[in-house]
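User: Hey, I'm new to this one. Can you walk me through it?

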Amino acid sequence: MAVLDWSTSHETHTGMIILASSSPRRKELLQQIGVPFLVKVADVDETPMANERPYDYVLRLALAKATKVAADSDLPVLAADTTVVLNDRILGKPESEQHWREMLQAMSGQEQQVMTGIALVHPEGVEALVVTTYVRFRELPDSMIDAYIATGEGQDKAGGYGIQGMGAVLIRGIEGSYSNVVGLPLTEVSQLLQSAGLPFWVKT
Ligand SMILES: Cc1cn([C@H]2C[C@H](O)[C@@H](COP(=O)(O)OP(=O)(O)OP(=O)(O)O)O2)c(=O)[nH]c1=O
């Protein structure tokens, strides 16, 4: 398969979609499975609604991002939203160093869920779903939390860590999709594209 930087290519191409995301991780993941795409960023308020369940929250935001970008686009639009869920509570991106430390302390030795909502808006309709991965953290001594915060790595990420980076050492194990934790569940994305009739290299 030829390697092209689809995300910066502006030539029209069969199967081209728009990725409605500012996330470099999502861009890399979509490139990884050979989907041709352009990037358009969806500016959406990510504040949870009062008493909103995490599942409903990630689904709502994925749909909001996809439909916002689709309003000005002719191509199919894919969007996603990832959050970390601990005891049914949404842990978003750290708002301060204190908040970040508290999140890591709360996740120490615990199992959390990482939920990603994905939405695809295409000429035939709108499809959306949520994928959940279970992530178990090791016990984190305060010295390790301090050292991880000092790396700055998890600051822009849900839950304040990145499994794909140094954050890998915080984790005892996962059950479910790895790419889902990084921000885009690739198996489900491929299934969504196929069910919408979009050309994809996996033939079933
Ligand atoms: C838990 C975890 C999250 N993340 C990332 C995935 C998402 O990019 C981010 C969660 O924030 P999101 O709001 O889902 O995404 P975003 O703000 O980065 O991008 P956009 O809304 O424009 O699509 O956290 C990791 O990269 N690694 C991890 O281990």
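Predicted model: local features only at pLDDT ≥ 70, side-chain atom pairs only at ≥ 80, totals over all residues.

User: OK, which residues of helix H1 are buried?

Analyst: In H1, residues 24-32, they are Arg26, Lys27, Leu29 and Leu30. Buried means 20 or more other C-beta atoms within 10 Å of the residue's own, exposed means 12 or fewer, partly exposed is in between, and C-beta atoms are placed from the backbone. Those residues cover an arc of only 165° around the axis, so they sit on the same side of H1. The arc is taken from the directions from the helix axis to the C-beta atoms. Helices (H or I, at least four residues) and strands (E, at least two) are DSSP runs, numbered from the N terminus.

User: And which residues are exposed on the other side of H1?

Analyst: Pro24 and Gln32. Just after the helix, Gly34 has a positive phi of about 75°.

User: What covers the buried residues of H1?

Analyst: The cover includes strands S1 (17-19), S2 (37-39) and S3 (77-86), plus helices H5 (178-182) and H6 (186-195).

User: Switching topic: which residues come nearest the ligand?

Analyst: Of the 23 residues around the ligand, Ser21, Ser22, Ser23, Ile163 and Gly183 come nearest. A residue counts as near if its C-beta atom, placed from the backbone, lies within 6 Å of the molecule. H1, S3 and H5 are the elements giving two or more residues to that shell, and S3 gives the largest share, four residues.

User: Where does Asp81 lie?

Analyst: In strand S3. The UniProt annotation "active site", from an unreviewed entry, covers Asp81; such annotations may be inferred rather than shown by experiment, and the positions use the numbering here, with feature names shortened.

User: Is Asp81 buried or exposed?

Analyst: Asp81 is buried, because 27 other C-beta atoms lie within 10 Å. Leaving aside neighbours within four places in sequence, Asp81 is in contact (C-beta atoms, placed from the backbone, within 7 Å) with Val58, Leu61, Ala62, Lys65, Thr116 and Gly117.

User: Last one: how many residues are in the largest nonpolar core?

Analyst: It has 51 residues, and Ala62 and Ala66 are among those with the most contacts inside it. Helix H2 (residues 54-70) gives the largest share of this core, nine residues. A nonpolar core is a set of buried Ala, Val, Leu, Ile, Met, Phe, Trp, Tyr and Cys residues joined through C-beta atoms within 7 Å.

How values were computed
Residues numbered from 1 in each chain as written. Contact = placed C-beta atoms within 7 Å.
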